[in-house]
Amino acid sequence: MKQYFDSAVRGSAASLADMVAAFRESLGRRVVLGPFSKSSDPAFVEAMGYAGFDFVVLDLEHGPNTVLSLQNLIRAAQVSGLLPIVRVKEDVPSLIGEVLDVGAGGIQVPKIRSAKDVEEILRVGRFSPQGMRGVCRFVRAARYSATERHQYFAQSNDTILVLQLEGREAIENLDEILAVPGADVIFVGPYDLSQSLGKPGDVDNPRVVEAMRGIVERCLKRSVTVGTFVDTLESGRKWRDAGVRYLCYSVDVGLFLDKCSEVVRSLL
C-alpha cells in the first residue's frame, strides 16, 4: 500500500517542464487566456486553474507578494494545471533568477526599452550557453536536487519569456528588440503606453489604439506572438480578433469585486 501511495502522489501533478512544453504548444496554435493575480491566497490561484484559464501572471510589480509568498502561489497553480508566470519588477534583474528558482514557469518583464534590455534579461535568466544565471540545483525548481542536474539546467532554459513594451522608446526600438532571439511573447501594456502618449488610463483613445495596432501588426509580420491586457470582454474580443494570442484578462481582485457587485445589485 505504501509503495502505491508514494507512486500515486509523486505522479499526481504534471512537472513544470511538461506544463511549459504544453503551454508553448498551445501558444503556437490558439489564444491562451489568463488573469493577473495580486492576491496572496493560494486558493484564488488554484481556483483559476479549475475555471479553465491557461496561465496566471503572479504580479510582483504592482502587488504585495514577495518571493517567500510566491512559492506557495506557484504550488497552487501547478496543482490545478495553471502555468505560473511571474511579472517581476523592472529595476531588479536579480529577481528574475530568484523567481525561477522557486518554480516560475515563465517571467514577464515590464519596461522593456531596447535590445540591450532583452540581452540583460537573457543573461540573468538563462544558464550557459544562453546566459549566466546563478547556478544552484538545491532549489524548488529542481525539486531540491531530486531532478537530475543536467536535465534541470537544460529544462530551465525553456521557461517562457514575455517582454512587456509600454512606451515611446520601445516603439521606436521595436525592430531591434524583435531581432534578439529568445522571447516567446511581445506584450503591449496598454495603461503605461497610454500614459507615455499623454493619455493616462485612456486605453480606448484612438491614439493609443493606433499605437497598439502598429505594434501588433509589426510583430505579426515577423511571426512573433503578441500579448496584451484587457479588462472588458469587448476589448478582449477586439484584440483577439486583431491577432493577439497571449491574452491577459483583468485581475483576480477586480474579477472578485465585479462578481460581488453583480450579486449586490441583483439582490438588494
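Glu-119, Glu-169, Glu-172 and Glu-176 together form a negative surface patch. A patch takes residues with over 30% relative accessible area and no salt bridge, and joins like charges within 9 Å. Asp and Glu count as negative, and the place of a Glu charge is taken as CD. A salt bridge would need a side-chain nitrogen of Lys or Arg within 4 Å of a carboxyl oxygen of Asp or Glu.

The model is predicted: local features need pLDDT of at least 70 and side-chain atom pairs pLDDT 80 or more, while totals for chains, interfaces and linings use all residues. Residues are numbered from 1 along each chain as its sequence is written, and side-chain values use heavy atoms, without hydrogens or water.

Glu-172 counts as exposed because its relative accessibility is 64%, the cut-offs being under 20% for buried, over 50% for exposed and in between for partly exposed (1.4 Å probe, protein chains only).

Glu-90 belongs to the loop between β3 (83-87) and α5 (94-101). With a relative accessible area of 35%, Glu-90 is partly exposed. Its C-alpha lies 9.5 Å from that of Gln-108, 18 residues apart in sequence.

The chain has 13 helices and eight strands, taken as DSSP runs (H or I, at least four residues; E, at least two). Its radius of gyration is 19 Å, close to the 18 Å that the globule rule gives for 268 residues, so the chain is as compact as a globular protein of that length. The radius is taken over C-alpha atoms, and the rule is 2.2 Å times the number of residues to the power 0.38. Of the 268 residues, 48% count as buried.

Terms used: Patches are made of residues with over 30% relative accessible area and no salt bridge: like charges are joined within 9 Å, nonpolar side chains (Val, Leu, Ile, Met, Phe, Trp, Tyr) within 5 Å. Accessible areas come from the Shrake-Rupley method with a 1.4 Å probe; for residues, only the protein chains shown count as cover.
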